[in-house]
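Student: I have a new chain on my screen. Can you walk me through it?

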Amino acid sequence: DYLTMNSSRCAACKYLRKRCPSECIFSPYFPPNNPQRFACVHRIYGASNIGRMLQQLPVYLRAQAADCLYYEAQCRIENPVYGCVGMISTLHQQIFSAQEQLAKVHAEIALINNAYTQQGSSQFQQFDGLLSDLNNFPMESMDTSNQVPWCL
């Protein structure tokens, strides 16, 4: 009977070494097969604070809140000073840098277009297809999978 009860305890109750009641506030959000999820959140917020936060929320928002707490705790463990704000700041810097690069490319295209119209079409016909492709390039299709990770 003890083994049956022990295997059905949620990760929070296992971590806290206590009995897991049927109405446990943690069990829906910290399953026994993912003990590091609760350990991470507990390390940053503490069990009583987590329980209090979850109890103050409507049931339909608790899963999302538990996910957010876990994400923010992971970020805080990886970057103790800035946490997820550090990641947001880095992403803003990457967006700003990409916008600067895009503005430079647009300026270069404008220069080429200007030279094209001043010199006549015979000398710059090779750029015609390239310019129309660049002007119509959708930014959503840019591949960002090979970007540098935010925490170096």
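Student: How many helices and strands does the chain have?

Tutor: This is a predicted model. The chain has seven helices and zero strands. Along the sequence, the pattern reads α-α-α-α-α-α-α.

Student: What is the mean pLDDT of the chain?

Tutor: The mean is 82. Of the residues, 74% reach 70 or more.

Student: Where does pLDDT stay under 50?

Tutor: One such stretch is residues 1-6, where the model has two contacts beyond four places in sequence. Residues 144-152 are also below 50. That stretch has eight contacts in the model beyond near neighbours in sequence.

Student: What should I do with coordinates where pLDDT is low?

Tutor: Where pLDDT is low, the predicted coordinates should not be read in detail.

Student: OK, on to burial. What share of the chain counts as buried?

Tutor: The chain has 152 residues, and 24% of them count as buried. Its accessible surface is about 10,900 Å². Carbon and sulfur atoms hold 55% of that surface.

Student: And what share of the contacts comes from residues 24 or more positions apart?

Tutor: They account for 44% of the contacts in the chain with a separation of 6 or more.

Student: Let's take helix 4. Which of its residues are buried?

Tutor: Helix 4 spans residues 47-56, and its buried residues are Ala47, Ile50, Gly51 and Leu54. These four cover an arc of only 95° around the axis, so they sit on the same side of helix 4.

Student: What is exposed on the other side of helix 4?

Tutor: Ser48 and Gln56 are exposed there.

Student: And what covers the buried residues of helix 4?

Tutor: The cover includes helix 2 (11-16), helix 3 (35-45) and helix 5 (59-78).

Student: Now helix 3. Which residues are buried there?

Tutor: Arg37, Phe38, Cys40 and Val41 are buried in helix 3. Their arc around the axis is only 160°, which puts them on the same side of helix 3. Gln36 and Arg43 are exposed, on the face turned away from the buried side.

Student: What do the buried residues of helix 3 pack against?

Tutor: Helix 2, helix 4 and helix 5.

Student: What follows helix 3?

Tutor: Glycine 46 does, and its phi is positive, near 85°.

Student: Back to Arg37. What does arginine 37 form a salt bridge with?

Tutor: Its partner is aspartate 67. The closest N and O atoms are 2.7 Å apart.

Student: How many salt bridges does the count come to?

Tutor: The count comes to one salt bridge.

Student: Switching to helix 2. Is alanine 12 buried or exposed?

Tutor: Alanine 12 lies in helix 2. It is buried, with a relative accessible area of 0%.

Student: What does alanine 12 touch?

Tutor: Leaving out residues up to four places away in sequence, alanine 12 touches Phe26, Phe30 and Phe38. Phe38 is one of the buried residues of helix 3.

Student: Last topic, the surface. Which residues make the nonpolar patch?

Tutor: Val81, Tyr82 and Val85 make a nonpolar surface patch of about 340 Å². Tyrosine 82 is in the loop between helix 5 and helix 6 (83-119).

Student: Is tyrosine 82 buried or exposed?

Tutor: Tyrosine 82 is exposed, with a relative accessible area of 52%. The cut-off for exposed is over 50%.

Conventions:
Residues are numbered from 1 along each chain as its sequence is written. This is a predicted model: local features need pLDDT of at least 70, side-chain atom pairs count only at pLDDT 80 or more; totals for chains, interfaces and linings use all residues. Side-chain values use heavy atoms; hydrogens and water are left out. Buried means under 20% relative accessible area, exposed over 50%, partly exposed in between (1.4 Å probe, protein chains only). Helices (H or I, at least four residues) and strands (E, at least two) are DSSP runs, numbered from the N terminus. The arc is that of the directions from the helix axis to the C-beta atoms. Contact means heavy atoms within 4.5 Å. pLDDT is the predictor's confidence in each residue, from 0 to 100. Patches are made of residues with over 30% relative accessible area and no salt bridge: like charges are joined within 9 Å, nonpolar side chains (Val, Leu, Ile, Met, Phe, Trp, Tyr) within 5 Å. Accessible areas come from the Shrake-Rupley method with a 1.4 Å probe; for residues, only the protein chains shown count as cover. A salt bridge is a side-chain nitrogen of Lys or Arg within 4 Å of a carboxyl oxygen of Asp or Glu.
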